[in-house]
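This report describes a two-chain model, with the sequence and structure displayed below.

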Amino acid sequence: MPQTAGTLDSQQKTTSRRPAGTLYRGNTGMWSWVLHRITGVAIFFFLLVHILDTALVRVSPEAYNAVIAQYQTPIMGLGEVALVGAIVFHAFNGLRIILIDFWNAKYQRVLFYVVIGLWVVTMLGFVPRHLINVFSH
Amino acid sequence: MTSTIEAPRSPYTRSTKKSGVNWEKWGWIYMRVSGVVLVVLIFGHLFVNLMIGEGVSALNFAFVAGKLTNPFWMVWDVIMLWLALIHGGNGMRTLVNDYATSRISRGILKVAILVSVVSLIVLGTLVVFTFDPCPAGAPADLVASFCKSL
């Protein structure tokens, strides 16, 4: 007899062969968590490099300009798209985590799609302008 | 079979002391408070450096000199530096606790994170507050235009 979602009791749910999909296991909850970790690590290592390259302003204008010129090449320009994409996801998903913790966890799935939507809108605003700046110089 | 899952971010129970500061809780709160502030600081940083004018193509020593002689951007950058490094260092500590399996590798990795974070906070703070926008003998075309009037 086919079961509809509404007739599953809690016992059947927990003994189901499919993962139940709790807040951090399976589906949007898990993948947003995985992406949050990966983007966080990537941003951390960029931050270490970025503080060192900015510290070159204390060495000489020539040293700083030589390194910052590397950030203006086409390949690094594409890298900056990835960097900003990681930062924007980490930022919006971090706000989503705060809302889950302090507001209501039952909206975590819809909030994940809000994060993706805001990420797309932000990147649509950033990427074309940035690529014009990179490739027109 | 039933099993109980411990509440996340519970304090370690290796010591039996009754009172004391729950550092894991304060770390958890720090990630959220600093995170909200960092969204504002880093989005502002990215907007001013990558979106305004010619973006990344306009960055050079004179551009940085213009920002780091302005108290507004000095305070902005130093707060961003401290909040971001501690936020990132604490996040990396969480990953080490999750993924490094032996006690010795956890110790080495966490010391490495602590050394990186502390040394870069010291370096970055010194750079912001000791910065010389018009270094002696620097070519005039590489420094900001306000250096001419000195």
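Of the 137 residues of chain A, 20% count as buried; a residue is buried if 20 or more other C-beta atoms lie within 10 Å of its own, exposed if 12 or fewer, and partly exposed in between, with C-beta atoms placed from the backbone. This is a predicted model, in which local features need pLDDT of at least 70 and side-chain atom pairs count only at pLDDT 80 or more, while totals for chains, interfaces and linings use all residues. Residues are numbered from 1 along each chain as its sequence is written, and chains are lettered from A and ligands numbered from 1 in the order in which they are written.

**Confidence**

The model scores ipTM 0.86 and pTM 0.84. Chain A averages a pLDDT of 87, and 81% of its residues score at least 70; pLDDT is the predictor's confidence in each residue, from 0 to 100. For chain B the mean pLDDT is 91, with 93% of the residues at 70 or more. Over residues 1-5 of chain A, pLDDT stays under 50, and the model has one contact beyond four places in sequence for them. Two residues are in contact if their C-beta atoms, placed from the backbone, lie within 7 Å. Where pLDDT is low, the predicted coordinates should not be read in detail.

**Helices of chain A**

Chain A has five helices and zero strands, so its elements run α-α-α-α-α from the N terminus on. Helices (H or I, at least four residues) and strands (E, at least two) are DSSP runs, numbered from the N terminus. Among contacts in chain A between residues at least 6 apart in sequence, 64% join residues at least 24 apart.

The expected span of a helix is 1.5 Å times one less than its number of residues. Buried in α2(A) are A:Ser32, A:Thr39, A:Gly40, A:Ile43, A:Phe44, A:Leu47 and A:Thr54. These buried residues pack against α4 and α5 of chain A together with α3 and α4 of chain B.

Helix α5 of chain A (residues 108-135) has 28 residues and reaches 39 Å from its first C-alpha to its last, close to the 40 Å expected at 1.5 Å a residue. A kink of about 30° in α5(A) is centred on A:Met123; the bend at a residue is the angle between axes fitted to the seven residues ending there and the seven starting there. The buried residues of α5(A) include A:Leu111, A:Phe112, A:Val115 and A:Phe126. The partners of the buried residues of α5(A) are α2 (27-55) and α4 (74-102) of chain A together with α1 of chain B.

An unreviewed UniProt entry lists residues 34-52 and 110-132 of chain A as "transmembrane region". UniProt positions are given in the numbering used here, feature names are shortened, and annotations may be inferred rather than shown by experiment. In the model, residues 34-52 of chain A are 100% helix and 0% strand, with end C-alpha atoms 28 Å apart. Residues 110-132 of chain A are likewise 100% helix and 0% strand, and their end C-alpha atoms lie 34 Å apart.

B:Arg9 lies in the segment before α1 of chain B, B:Phe63 in helix α2 of chain B, and B:Arg106 in helix α4 of chain B.

| Residue | C-beta atoms of others within 10 Å | Class |
|---|---|---|
| B:Arg9 | 13 within 10 Å | partly exposed |
| B:Phe63 | 16 inside 10 Å | partly exposed |
| B:Arg106 | 15 inside 10 Å | partly exposed |

Leaving aside neighbours within four places in sequence, B:Arg9 is in contact with B:Glu24, B:Lys25 and B:Trp28. The C-alpha atoms of B:Arg9 and B:Glu24 are separated by 6.0 Å, although 15 residues apart along the chain. With the same exclusion, B:Arg106 is in contact with B:Val96, B:Asn97 and B:Ala100.
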